[in-house]
Amino acid sequence: MKFKTAFAAAAALTLATAANAQMGPEVGATVYGPEGNTVGTIEAMQDGVVVVNTGTYTAPVPANAFGEGPEGPIVSVTKDQLNSMMAEQEKQMAAARDAALIENATVLTADGVEIGTVTSIDGDNAIVTLEDGPVSLMRDQFATNETGALIVLATKDQLMAALNGAGAEGGEAMEADAE
């Protein structure tokens, strides 16, 4: 009788382990590195990308990069390695943005709408001339898109809402003042 109970328990554990392995990582789970050290916590998952918060960065990691370890989901990099990769990527993105943020550069919105032209730059402040006149935006409100074009980190609707004193829908209000 004990043999049947042990066999049933082993079978149930095997099925539970197989079910967990098929489920993959879950939001809120702690992610571990190759040595078993904590890498971070899963904040979100969407479209095959898992967002891991290391405490320093929120890093997008492909879902297929995860394995199942004894404590939970594992990745093949340590927390320090993931933070270093994110710092390098951040540095490259800032360099691309700074190279594109020049006078007379065309500015697009995050949704690809051309909204104006950079007319001057003073330190971290850029003046962009829109149809309705100039607006002052901070350097960190810009990026480049996949083609290298200068974009403001908002859609046209979000930018217009922020400029008109309303909060940006679905995100933080931009600090932009019409001049």
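Me: Let me get one term down before anything else: contact means heavy atoms within 4.5 Å. With that settled, which strands do the buried residues of H3 pack against?
Reply: They pack against E8 and E12. Keep in mind that this is a predicted model.

Me: Which residues of helix H3 are buried?
Reply: Gln 158, Leu 159 and Ala 162 are the buried ones, in a helix that runs over residues 156–163. They sit on the same side of H3, because they cover an arc of only 100 degrees around the axis.

Me: And what follows H3?
Reply: Gly 165 does, with a positive phi near 90 degrees.

Me: Let's step back. How many helices and strands are there in the protein?
Reply: There are 3 helices and 13 strands.

Me: What share of the residues is buried?
Reply: Of the 179 residues in the protein, 31% are buried.

Me: What about contacts between residues 24 or more positions apart?
Reply: Take the contacts with a separation of 6 or more. Residues 24 or more positions apart account for 39% of them.

Me: Now the inside. How many residues are in the largest nonpolar core?
Reply: It has 16 residues. Those with the most contacts inside it are Val 107, Val 118, Val 128, Phe 142 and Leu 150.

Me: Which elements give two or more residues to this core?
Reply: Four strands do: E8 (114–122), E9 (125–130), E10 (133–138) and E12 (150–152). E9 gives the most, with 3 residues.

Me: What lies apart from it?
Reply: Another core, of 14 residues. Val 39, Phe 66, Val 77 and Leu 82 are among them.

Me: Back to Val 118. What is Val 118 in contact with, leaving aside its neighbours within four places in sequence?
Reply: There is a run of residues, Leu 101, Ile 102, Glu 103, Asn 104 and Ala 105. Val 118 is also in contact with Val 107, Ile 127, Val 128 and Leu 150.

Me: You listed Asn 104. Where is Asn 104 found?
Reply: In the loop between H2 and strand E7 (106–108). Asn 104 counts as exposed, because its relative accessibility is 64%, over the 50% cut-off.

Me: What is phi of Asn 104?
Reply: It is near 75 degrees, a positive value in a residue other than glycine. Most residues other than glycine have a negative phi.

Me: How about phi of Asp 47?
Reply: Phi of Asp 47 is positive too, near 50 degrees. Asp 47 is in the loop between strand E2 (38–46) and strand E3 (49–53). Asp 47 is exposed, with a relative accessible area of 73%.

Me: New topic. How much space lies in the largest pocket?
Reply: About 260 Å³. There are 13 lining residues, and the closest to the centre are Glu 90, Met 93, Ala 94, Arg 97 and Ala 143.

Me: Which element supplies the largest share of the lining?
Reply: H2 does, with 6 residues. Helix H2 (79–100) and strand E11 (142–144) each supply at least two.

Me: And what classes of residue line the largest pocket?
Reply: The lining has 7 nonpolar, 3 polar and 3 charged residues.

Me: Is Ala 94 buried, partly exposed or exposed?
Reply: Ala 94 counts as partly exposed, because its relative accessibility is 25%. Its place is in helix H2. Thr 144 is 50 residues from Ala 94 along the chain, yet their C-alpha atoms are separated by 8.9 Å.

Me: Last one. Is Arg 139 buried or exposed?
Reply: Arg 139 is buried, with a relative accessible area of 16%. That is under the 20% cut-off. Arg 139 sits in the loop between E10 and E11.

Me: What does Arg 139 touch?
Reply: Not counting residues up to four places away in sequence, Arg 139 touches Arg 97, Asp 98, Leu 101, Ile 121, Gly 123 and Asp 124. From Arg 139 to Leu 101 the C-alpha distance is 8.1 Å, and the two are 38 residues apart in sequence.

Notes
Residues are numbered from 1 along each chain as its sequence is written. This is a predicted model: local features need pLDDT of at least 70, side-chain atom pairs count only at pLDDT 80 or more; totals for chains, interfaces and linings use all residues. Side-chain values use heavy atoms; hydrogens and water are left out. A nonpolar core is a set of buried Ala, Val, Leu, Ile, Met, Phe, Trp, Tyr and Cys residues joined through side-chain atoms within 4.5 Å. Buried means under 20% relative accessible area, exposed over 50%, partly exposed in between (1.4 Å probe, protein chains only). On a 1 Å grid over the protein atoms alone, a cavity is a set of points where a 1.4 Å probe fits but cannot get out, and a pocket is an open set with protein on both sides within 12 Å along at least five of seven lines; lining residues have an atom within 4 Å of a point. Grid points are joined across faces, edges and corners, and a volume is the space filled by probe spheres set on the points. Ala, Val, Leu, Ile, Met, Phe, Trp, Tyr, Cys and Pro count as nonpolar, Asp, Glu, Lys and Arg as charged, and the others, Gly among them, as polar. The arc is that of the directions from the helix axis to the C-beta atoms.
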